[in-house]
Amino acid sequence: MKLRGSRIVAQSLLLLMWVSSALAELPIEKAILTDAPNVPPPITRLTPAKVIAELEVVEVQRDLADGVQYSFWTFGGKVPGKFIRIRQGDTVEFHLLNHPDNKLPHNIDLHAVTGPGGGAASTFTAPGHRSQFTFKALNPGLYVYHCATAPVGMHIANGMYGLIYVQPETPLPAVDREYYVMQSEFYTAGAHGEKGLQPFSMQRAIDEDPSYVVFNGSTSSLTNDGAITADVGQTIRLFVGNGGPNLISSFHVIGDIFDNVYGEGGTVANQHNVQTTLVPAGGSAIVEFKVEVPGTLVLVDHSIFRAFNKGALGMLKVAGAENKAIYSGKEVDEVYLGSVGDKSAMEASKLRKEYAAAVKEDPKLQKLSKEILMAEGKTAYNNNCFMCHGMNGEGVPGVFPPLAKSDYMMKRAGQKNREDLIGIPINGLTGKIQVNGKDYDSVMPALTGLNDQAVAAVLTFITNSWGNSAKPFSPEEVRAAKAALKDQQVARPQH
Ligand SMILES: [Cu+2]
């Protein structure tokens, strides 16, 4: 018995020695932590290390929006908390420090930890205290961490979240730029934009009715001077997190397409060529894309009122030379009135009808408008017709038929068949016709340069000159006849 007991003791001792020597063999390094939008540099070592990570909880008052302040509870002084980068297989000695000026106890639940509460119970820390625990990073991936002290929702809502990236043993391909972007909501007592220090509203948080949805802790963290940057031709990797506490993000970059998405922050690029990717509350995604042309790309939650009305908007400014083959810039800029144009055209035709009706009722106006048509018609005739039909409509015997006292024409200038006559200058005339007992079989070309007004005028002129007399032609009549002639042409196509 005694012998067996001492053998167990010896065996345990050996095991203990092996464990401690294995630990002792690990190189020790201090984790580099960064504030958003920066990411610590890729880890280049090929074997595990013992990493010491130190994170301090600080309760601070900062701007949430222009003129709007909020009392944030933070991991490291800013929202989101500092980015932690370790390597798969690393042993992490984690230190949580609660600043002595803070009012509340806090802890941390790292989703990268395999163990109860993700470290929450082991890190419960009162103000002015520090806690420590150690975990082994078994699973690679991009993980959210957050405070899990009751009331948990309130601690998260006040800004207590961040990202820890457990770099896989085989790292993701190298890119030119890596950035840290984390979305979250804020529930203020005042409405969006209400100035001054805004207290947290528990009711709004329960109702999931945020007054702010932001990237990296405020409406201006990633805009204008806060914009992240890149040069044309570079590859970008965004480590995207969502602290919630309630909303799912429809993460989208206006003006580019994700070449690769590591869905839900896992280690497999499970999709290519993606426009918008979902980032769950308490979850993440890694997206990669190449910037090909200069300009400002806009990061949004594509639940779009959150972007344009609650603050979920960021910028990636790309500098470099244009590439017109990929993006031309504006090529056409012209007026398009759409239904407004139709409306004004309708209005004009209505007024024209009213005008015609008014002219009809007033003999003086009627006479005047006929005189106008005659004068315009004479001009049109002299410019377009006289070279064939003659100065006085006499025509050329056997070649060009006369218009003066033409029975052919005047038959069509009465009540019936007026559209036949209107069609002659518009479409021209070919084939056998008889005018005043004489045959003509020639070609009159279409006179395409005449508008409705000119056609009405020239027809009024030729049917009221040289002894002819008929009712004047109006532009409206010409327009209607044109439409009727078009329909006839469609019905029996000309050859
Ligand atoms: Cu807390």
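Reader: Which residue stands opposite Leu33 in S5?

Author: Ile84 does. This is a predicted model, in which local features need pLDDT of at least 70, side-chain atom pairs count only at pLDDT 80 or more, and totals for chains, interfaces and linings use all residues. Residues are numbered from 1 along each chain as its sequence is written, and side-chain values use heavy atoms, with hydrogens and water left out.

Reader: What makes S2 and S5 a pair?

Author: Two strands pair if DSSP finds at least two bridges between them. S2 and S5 have two bridges, in the antiparallel sense, so they pass the rule. Strands here are DSSP runs of E with at least two residues, helices are runs of H or I with at least four, and both are numbered from the N terminus. The open sheet of five strands has the order S2-S5-S10-S9-S7, with mixed pairing. Strand S2 (33-34) and strand S7 (109-110) are at its edges because each has a single partner strand.

Reader: Why is the arrangement around the copper ion called irregular?

Author: Let's start with the donors: N, O and S atoms within 2.8 Å of the metal (3.2 Å for Na, K and Ca), and since water is not among the atoms, sites may look incomplete. His106 (ND1), Cys147 (SG), His155 (ND1) and Met160 (SD) coordinate the copper ion at 2.0 to 2.5 Å. Four donors count as tetrahedral if all angles lie between 85 and 135 degrees; four are square planar and six octahedral if opposite donors are over 155 degrees apart and all others between 65 and 115; anything else is irregular. The angles here run from 87 to 138 degrees, which makes the arrangement irregular.

Reader: How do you know that Phe305 is exposed?

Author: Relative accessible area decides: buried is under 20%, exposed is over 50%, and partly exposed lies in between (1.4 Å probe, protein chains only). Phe305 has 62% relative accessibility, so it counts as exposed. Phe305 belongs to helix H4.

Reader: What makes Lys82 and Asp35 a salt bridge?

Author: A salt bridge needs a side-chain nitrogen of Lys or Arg within 4 Å of a carboxyl oxygen of Asp or Glu. The closest N and O atoms of Lys82 and Asp35 are 3.2 Å apart, so this pair meets the rule. Lys82 sits in the loop between S4 and S5, and Asp35 in the loop between S2 and strand S3 (50-65), so the pair ties together parts that are 47 residues apart in sequence. With a relative accessible area of 24%, Asp35 is partly exposed.

Reader: How many salt bridges does the rule give?

Author: The count comes to 14. Among them, Arg306 and Asp301 meet at 2.8 Å, N to O. Arg306 is buried because its relative accessible area is 17%, and Asp301 is buried at 0%.

Reader: Which residues does a cis peptide bond join, with omega about -5 degrees?

Author: Val79 and Pro80. Pro80 lies in the loop between strand S4 (68-75) and strand S5 (83-87). A cis peptide bond also joins Gly244 and Pro245, with omega about 10 degrees.
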